Protein chains: 2
Amino acid sequence: MCQVSKFALVDNNLLLFYACKLDMQSPGHHHSILSFLVPVCVFITSTLFVGYYNIFLVIVALFLWFFETVVQDRDHKYLTRAVEEAYKGVECGDGRPFGAVVVRNDEVVVSCHNMVLKNTDPTAHAEVTAIREACAKLNRIELSDCEMYASCEPCPMCFGAIYLSRLKRVVYGAKAEAAIAVGFDNFIADALGGTAYYQKAHLEIKRADGEGADIAEQVFEKTKKKFSMY
Amino acid sequence: MCQVSKFALVDNNLLLFYACKLDMQSPGHHHSILSFLVPVCVFITSTLFVGYYNIFLVIVALFLWFFETVVQDRDHKYLTRAVEEAYKGVECGDGRPFGAVVVRNDEVVVSCHNMVLKNTDPTAHAEVTAIREACAKLNRIELSDCEMYASCEPCPMCFGAIYLSRLKRVVYGAKAEAAIAVGFDNFIADALGGTAYYQKAHLEIKRADGEGADIAEQVFEKTKKKFSMY
């Protein structure tokens, strides 16, 4: 009995560690083989040495691992779409290399890119355009059941629009610094840079993990010869 | 000669005082009869007791007074138009009580109000709508030779749009607190509340003087029964 408790304690800690890892949404966080190995090792040791209590814990850990994988694959899919939009926008000469996708219940509501040049409208950033089009399509002024995938960190105007439209979640790819490096105004970095309204926004906003962030960062370098600054 | 220097010194100080007063653009600063009396008194005393040097100083003071009056009257005229738009927007049911006017070379380019409900677009605030329409009308994506008159302090999204469109000057009427008092999100107050991008914006942004601010503040109280929050 003493042994069971001891192992249960160890596995509880492992589970906690795993839950913390899931919550760890720092830039550059890669989805590695470790995410799979941790619960599997726990499962083997617990089955061999302890009993049902630990098996239960391991099933929970496996479920968390599965959930993490599904969320990451989903994020990657939609972020890739936003990045494709960024390239498309520059190719057609509609605007600068920024894309944004609004998703609701695993369906793409709208997929947009920067339309500043096309529409002669300095407010037609990808995110603002996506919010406008999604609201028009869904025929309502709030998007609280929707998520946004943006190829780059939103600028203060776009983050204001995100806040006002009540999007529940935003995943972005490139950091503002990647855009600033090719000549964009450093104003882009100011929304998430500690403004009062960012601090009080209740939505979940995270930078994409590993590969998604990498492909989004490359957009600026790959397109910088195809557009000029305003 | 000693007397001349003494008076010249006194009048120099008065002129300096007057110049400081001109620069004093704090909320609630009323354009009073004092603005007229100060240079007139200086003129009378200097003509009677001193000579040409002081007369020159007084002419400069009178010119400053005239310039201040012209600017204030102009600001008041366009701000009144923005306030009228705010009322109009609520009356037609297009949106909430906010208006904005874009002016170029003393001509109104566009005069708009909040169109959130009409356009089913949470980004269609008065200022954003005015920027969009002014750019479409002038067929360019920047408004560096234009000014904006807004019935209320711009929210962070609108201030982002103002920054991006490079408007050279913004005059607003009501403080954000007047809108918050009737139930609007206190997010409105966050643009001018010390955000990084407000700090580095080069445009002139000021609250209207006395009467203009008063009529703008009244909009919310007078219309609050005619609209509901989103």
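This is a predicted model: local features need pLDDT of at least 70, side-chain atom pairs count only at pLDDT 80 or more; totals for chains, interfaces and linings use all residues.
## Basis of the model

Local features need pLDDT of at least 70, side-chain atom pairs count only at pLDDT 80 or more, and totals for chains, interfaces and linings use all residues. Residues are numbered from 1 along each chain as its sequence is written, chains are lettered from A in the order in which they are written, and side-chain values use heavy atoms, without hydrogens and water.

## Annotated domain

An unreviewed UniProt entry places "domain: CMP/dCMP-type deaminase" on residues 73-183 of chain A. Such annotations may be inferred rather than shown by experiment; positions follow the numbering used here, and feature names are shortened. The span is 47% helix and 23% strand. Its end C-alpha atoms lie 32 Å apart. Helices (H or I, at least four residues) and strands (E, at least two) are DSSP runs, numbered from the N terminus.

## Symmetry of the two copies

Chain A superposes on chain B with an RMSD of 0.2 Å, by a rotation of 179° and a shift of 0.1 Å along the axis. The two copies are thus related as by a two-fold rotation axis. Within chain A, M157(A) comes closest to the axis, its C-alpha at 2.1 Å.

## The interface

Contact means heavy atoms within 4.5 Å. Chain A brings 32 residues to the contact and chain B brings 33 residues. The copies meet through the same surface, because 100% of the interface residues of chain A are also interface residues in chain B. Together the chains bury about 2,700 Å², 71% of it on carbon and sulfur atoms. That area is the accessible area (1.4 Å probe) lost on being put together, summed over both parts.

Two salt bridges cross the interface. The rule asks for a side-chain nitrogen of Lys or Arg within 4 Å of a carboxyl oxygen of Asp or Glu. In one of the two, R132(B) meets D121(A) at 3.8 Å, N to O. On the side of chain A that touches chain B, α4 (116-119), α5 (126-138), α6 (156-165) and α8 (196-200) each give two or more residues. α6(A) gives the most, with seven residues.

## Two loop residues with positive phi

N105(B) is not glycine, yet its phi is positive, near 50°. N105(B) sits in the loop between β1 (99-104) and β2 (107-113) of chain B. At 62% relative accessibility, N105(B) is exposed.

T120(B), also not glycine, has a positive phi near 45°. Its loop joins α4 (116-119) and α5 (126-138) of chain B. T120(B) is buried, at 16%. Buried means under 20% relative accessible area, exposed over 50%, and partly exposed in between (1.4 Å probe, protein chains only).

Key. Copies are superposed by least squares on the C-alpha atoms of residues with pLDDT of at least 70 in both. Buried area is the accessible area (1.4 Å probe) that two parts lose on being put together, summed over both.
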